[in-house]
Amino acid sequence: MTPICLRDLTVEECARVQTLAHARTAPAQMVQRAQIIWRARHGESASAIASRLGLDVETVRRRIHRFNAEGVEALKDRHRSGRPPTYPPEQAATVIATALTKPETLGLPFAAWTLDRLAAYLHEVKGIAMQRSRIDEILLQEGLRWHKHETWFGERVDPAFAEKRGRSKRSTPHRLRAVV
């Protein structure tokens with residue numbers, strides 16, 4: 001494979017790439033592209049960048065080539081042909097904003113969103129009738145993931161829970177431990 005070289009960045013390009021590479025609110029794909037350029041600027045090879053970001057080496061190489069040709073504009077999505085989006089960007093933005101809002105602040109009687117709750121709220125309050133799968137796609141495109149909540153029957157957070165709790169009932173026989 002031929003080595004790939006990133007061209008010298010201007011001060012403005014360097015600042016923009018650094019900001020995007022560390023952004024938490026920018027679109028996930030744009031952040032990933034900026035991370036590729038940021039890592040290449042710091043001397044990492046295309047294969048090292050690919051393994052660190054979980055990408056194909058050729059994808060990294062294409063991104064660097066595109067950046068060399070187009071500059072910061074290469075970090076943005078290109079217009080693609082195909083079916084126009086079913087939901088306008090304003091509705092997608094409403095889905096994201098609602099998902100990032102705590103339900104309690106909206107006067108709802110629960111502390112966390114589920115796809116069903118989010119879909120129902122968007123339909124009833126915001127007037128956006130969107131399927132759960134599409135809501136999930138929009139959130140994943142923005143790099144948002146659902147949290148897994150620990151339940152009472154899951155593994156305990158405190159490893160010493162059983163010792164602190166003590167015996168569960170007086171009728172439970174105490175088991176002697178074998179001495180090794």
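Mentor: A residue is buried under 20% relative accessible area, exposed over 50% and partly exposed in between, with a 1.4 Å probe and protein chains only. This is a predicted model, where local features need pLDDT of at least 70, side-chain atom pairs count only at pLDDT 80 or more, and totals for chains, interfaces and linings use all residues. Residues are numbered from 1 along each chain as its sequence is written, and side-chain values use heavy atoms, with hydrogens and water left out.

Trainee: Is Cys 5 buried or exposed?

Mentor: Cys 5 counts as exposed because its relative accessibility is 59%. Cys 14, at 15%, counts as buried. Of the 180 residues of the protein, 26% count as buried.

Trainee: How many disulfides does a search of the whole structure find?

Mentor: A disulfide is a covalent bond between the sulfur atoms of two cysteines. The search criterion is a pair of cysteine sulfur atoms within 2.5 Å. Over the whole structure, the search finds 0 disulfides.

Trainee: Which secondary structure does the protein have?

Mentor: Elements are DSSP runs numbered from the N terminus: helices are H or I with at least four residues, strands are E with at least two. The protein has 8 helices and 0 strands. From the N terminus on, the order is α-α-α-α-α-α-α-α.

Trainee: At what angle do helix α2 and α4 pack?

Mentor: Two packed helices are described by the angle between their axes and the distance between the axes. Axes are lines fitted to C-alpha atoms, for helices over the stretch in contact, and angles run from 0 to 180 degrees between N-to-C directions. Helix α2 (residues 28-41) and α4 pack at about 80 degrees, with axes 10 Å apart. So α2 is roughly perpendicular to α4; the classes are roughly parallel under 35 degrees, roughly antiparallel over 145, roughly perpendicular from 65 to 115, and oblique for the rest.

Trainee: Which residues of α2 and α4 meet?

Mentor: Contact means heavy atoms within 4.5 Å. Arg 33, Ile 36, Ile 37 and Ala 40 in α2 meet Val 60, Arg 63, Ile 64 and Phe 67 in α4. By class, this contact of α2 with α4 has 6 nonpolar, no polar and 2 charged residues. Nonpolar covers Ala, Val, Leu, Ile, Met, Phe, Trp, Tyr, Cys and Pro; charged covers Asp, Glu, Lys and Arg; the others, Gly among them, are polar.

Trainee: How do helix α6 and helix α7 pack?

Mentor: Helix α6 (residues 115-124) and helix α7 (residues 132-141) pack at about 100 degrees, their axes 10 Å apart. That makes α6 roughly perpendicular to α7. Leu 115, Asp 116, Leu 118, Ala 119 and Leu 122 in α6 meet Arg 132, Ile 135, Asp 136 and Leu 139 in α7. The residues of this contact divide into 6 nonpolar, no polar and 3 charged.

Trainee: Where is Arg 66, and what does Arg 66 touch?

Mentor: Arg 66 is in helix α4 (residues 57-70) and is buried, with a relative accessible area of 13%. Not counting residues up to four places away in sequence, Arg 66 touches Gly 71, Glu 73, Ala 74, Lys 76 and Arg 78. A polar atom of the Arg 66 side chain lies 3.1 Å from the backbone oxygen of Lys 76.

Methods: Polar contact = N/O pair within 3.5 Å; in protein donor to acceptor, adjacent residues only side chain to side chain.
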